[in-house]
Amino acid sequence: MSVRVLVVDDEALIRAGFRALVDSDPDLAVVGEAADGAQAIRMVHALRPDVVLIDIRMPTMDGLEATRRIAHDDAAPTTRVLVVTTFDRDEYVFEALRAGASGFVLKDTPPEHLLEAIKVVATGEALLTPTLTRRLITEFVRSAVPPRRPAPAALAGLTQREREVLVQVAAGRSNAELAHVLHISRATAKTHVSNLLSKLDARDRVQLVVLAYESGLVNPGAGPVPLPG
């Protein structure tokens, strides 16, 4: 079955361009378009898309608020949000990820990379490459977001190996890269990530990255620091 995509942008020409690109891939299909966040939420309820491809800056309701509502909507538990942004001008990317977005791509991303990003997010994985992670960290530091540390019990519940995995996830590494760096199998790497998602009550890998920096497990530019306990 094709991955069902909802395109959300306030500019009709951009929506048309995304529709043409997405529909050119036999594994993807655009099921609807929305011009703002409020309309996107209504269409998510009506169409149940697999992926919402959404801009941040829009009238009526911006992509940030729409992402927050879609990501926490019990009526659409399998719908994932992929934010499309210029990043250098959008200071809200970190907040979009915290709100529940499963990843983000830049508007100048090559077409084939955008199509692949949609497929990755649709499978339940989060899209956060090392390059984009470094840029995200830079934004995190620049915006000086106050840390919101998880409960000590949750942090103390991690094994030493899980802490090592979380540090690597925070660096944007895939399961294959985790396996290579930590000298474990891909299946074991996947199991560790699944355990982290469960123990830390995180939606996906993106939230693990956010948590790693907000909790103090990893400090931007300073490497990992010991967890309490």
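**View 1. K119 and D25 pair across the sequence.** At 23% relative accessibility, K119 is partly exposed (20% to 50% relative accessible area; buried means under 20%, exposed over 50%, with a 1.4 Å probe and protein chains only). D25 sits in the loop between α1 and β2 and K119 in helix α5 (residues 111–122), so the bridge ties together parts 94 residues apart in sequence. Helices (H or I, at least four residues) and strands (E, at least two) are DSSP runs, numbered from the N terminus.

The model is predicted: local features need pLDDT of at least 70, side-chain atom pairs count only at pLDDT 80 or more, and totals for chains, interfaces and linings use all residues. Residues are numbered from 1 along each chain as its sequence is written, and side-chain values use heavy atoms, leaving out hydrogens and water.

View 2. The closest N and O atoms of E33 and R19 are 2.5 Å apart. E33 lies in strand β2 (residues 28–34) and R19 in helix α1 (residues 12–23), so the pair ties together parts 14 residues apart in sequence. E33 is partly exposed, at 24%. R19 is partly exposed too, at 28%. The network links R15, R19, D23 and E33. The structure holds 11 salt bridges.

**View 3. D55 in strand β3.** Strand β3 spans residues 51–55 and includes D55. D55 is buried, with a relative accessible area of 8%. Leaving aside neighbours within four places in sequence, D55 contacts V8, D9, D10, G63, V84 and K107 (heavy atoms within 4.5 Å). An unreviewed UniProt entry annotates D55 as "modified residue: 4-aspartylphosphate"; such annotations may be inferred rather than shown by experiment.

**View 4. Helix α8 is mostly covered.** In α8 (residues 160–170), 8 of 11 residues are buried. Among them are V165, L166 and V167. E164 and R161 meet in a salt bridge, 2.8 Å from N to O. They lie 3 residues apart in α8, about one turn of the helix. E164 is partly exposed at 31%, and R161 at 30%. G172 follows α8, with a positive phi near 85°.

**View 5. Helices α9 and α10 cross.** The axes of α9 (residues 175–182) and α10 (residues 186–199) come within 8 Å and cross at roughly 110°. The two helices are therefore roughly perpendicular (65 to 115 degrees). N175, A176, L178 and A179 of α9 meet R186, A189, K190 and V193 of α10.

Terms used:
Axes are lines fitted to C-alpha atoms, for helices over the stretch in contact, and angles run from 0 to 180 degrees between N-to-C directions. Angles under 35 degrees count as roughly parallel, over 145 as roughly antiparallel, 65 to 115 as roughly perpendicular and the rest as oblique. A salt bridge is a side-chain nitrogen of Lys or Arg within 4 Å of a carboxyl oxygen of Asp or Glu.
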